[in-house]
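Trainee: I have a protein model open and would like to learn how to read it. Could we go through it one feature at a time?

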Amino acid sequence: MSGVIRLVIVVLAINGFFTYIGLFLLPQAESHPPKEVKIEEGITVEELIEIGKNIVFGKGQCMVCHPVKEETGMRAPAISTIGALMEREAKERGIPFEEHVFEALVAPGNYVSEGFANIMPPVHKPPIGLTKEEIVAVAAYLQSNGSKVTITFPESLKILEEVLKKTGG
Ligand code: HEC
């Protein structure tokens with residue numbers, strides 16, 4: 001046999017050997033696409049908070065203005081303590097905590113947090129345009145930053161709808 005043919009046979013054999021290992025002996029890498037949790041009946045508070053967090057740091061564009069931690073000269077209240085801040089404000093206003101949180105999101109101009117300008121856009125209108133379900137998730141996440149989470153889905157939708165009616169949609 002010529003040297004070239006022998007070489008080809010060796011190469012093919014080695015190739016086949018590694019193909020065999022790859023196919024049958026190595027554990028197959030499974031792909032696990034992240035499970036998408038929908039905001040629907042049966043969702044847990046933890047899942048709701050996680051979705052809310054993703055919206056705040058993503059499509060909600062909240063971080064354009066809000067810093068994560070308190071800093072000097074910040075344009076908007078820090079997210080990491082916003083639950084505690086709103087709980088205090090709700091007490092001062094003498095209104096339910098949940099109502100204050102929803103109002104802060106859909107009618108931010110109605111109560112402007114002390115020391116800040118009235119520049120926050122309502123989150124249910126363009127350009128942010130969150131759905132009611134998303135607003136409930138965001139509200140639960142905000143509460144989880146320094147206060148007790150009392151907002152749940154779908155129970156709290158009713159409160160949001162009342163706030164929307166009261167503030168003119
Ligand atoms: C254009 C800048 C801007 C964007 C974008 C913005 N905010 Fe604000 N936000 C502010 C400012 C300024 C304040 C303080 C004045 C006020 O209360 O309206 C505020 C206040 C708030 C309050 C009330 C805090 C309190 O103590 O009552 C909440 C809650 C809030 N923002 C959440 C959000 C969330 C959630 C998003 C994203 C979906 C968002 N904001 C996007 C500027 C912004």
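Mentor: We can start with a single residue, and remember that this is a predicted model.

Trainee: Is Y141 buried or exposed?

Mentor: Y141 has a relative accessibility of 7% and therefore counts as buried. Across the protein, buried residues are 33% of the 169 residues.

Trainee: How many aromatic pairs are there?

Mentor: A pair of aromatic rings is described by two things, the distance of the centres and the angle of the planes. The count here is one aromatic pair. Its members are F57 and Y141, with ring centres 6.4 Å apart and planes at 65 degrees, so the pair is edge-to-face; planes over 60 degrees apart fall in that class.

Trainee: Which residues touch the most other members of the largest nonpolar core?

Mentor: That core has 34 residues, and L48, F102, I135, V136 and L142 touch the most other members. Two or more residues come from each of α2, α3 (82–93), α4 (97–106), α5 and α6 (157–166). The element that gives the most is α5, with eight residues.

Trainee: What is F102 in contact with?

Mentor: Sequence neighbours within four places are left aside in this list. The contacts of F102 include I135, V136, A139, I159 and V163.

Trainee: Where is H124 found?

Mentor: H124 is in the loop between α4 and α5. A polar atom of the H124 side chain lies 2.9 Å from the backbone oxygen of G169. With neighbours within four places again left aside, H124 is also in contact with residues including V106, L130 and L164.

Trainee: How many helices and strands does the protein have?

Mentor: There are six helices and zero strands, in the order α-α-α-α-α-α along the sequence.

Trainee: What radius of gyration does the protein have?

Mentor: The value is 26 Å, whereas a compact globule of 169 residues would be near 15 Å. The C-alpha atoms fill a box of roughly 95 × 40 × 30 Å along the principal axes. The protein is divided into domain 1 (1–30) and domain 2 (45–166), and 60 Å separate the centres of these two domains.

Definitions and conventions: Residues are numbered from 1 along each chain as its sequence is written. This is a predicted model: local features need pLDDT of at least 70, side-chain atom pairs count only at pLDDT 80 or more; totals for chains, interfaces and linings use all residues. Side-chain values use heavy atoms; hydrogens and water are left out. Domain bounds come from an automatic or database domain assignment. Rings of Phe, Tyr and Trp (its six-membered ring) pair if their centres lie within 6.5 Å; planes under 30 degrees apart count as stacked, over 60 as edge-to-face and the rest as tilted. Buried means under 20% relative accessible area, exposed over 50%, partly exposed in between (1.4 Å probe, protein chains only). A nonpolar core is a set of buried Ala, Val, Leu, Ile, Met, Phe, Trp, Tyr and Cys residues joined through side-chain atoms within 4.5 Å. Helices (H or I, at least four residues) and strands (E, at least two) are DSSP runs, numbered from the N terminus. Contact means heavy atoms within 4.5 Å. A polar contact is a pair of N or O atoms within 3.5 Å; within protein, one must be able to donate a hydrogen and the other to accept it, and residues adjacent in sequence count only if both atoms are side-chain atoms. The radius of gyration is taken over C-alpha atoms; the globule rule is 2.2 Å times the number of residues to the power 0.38.
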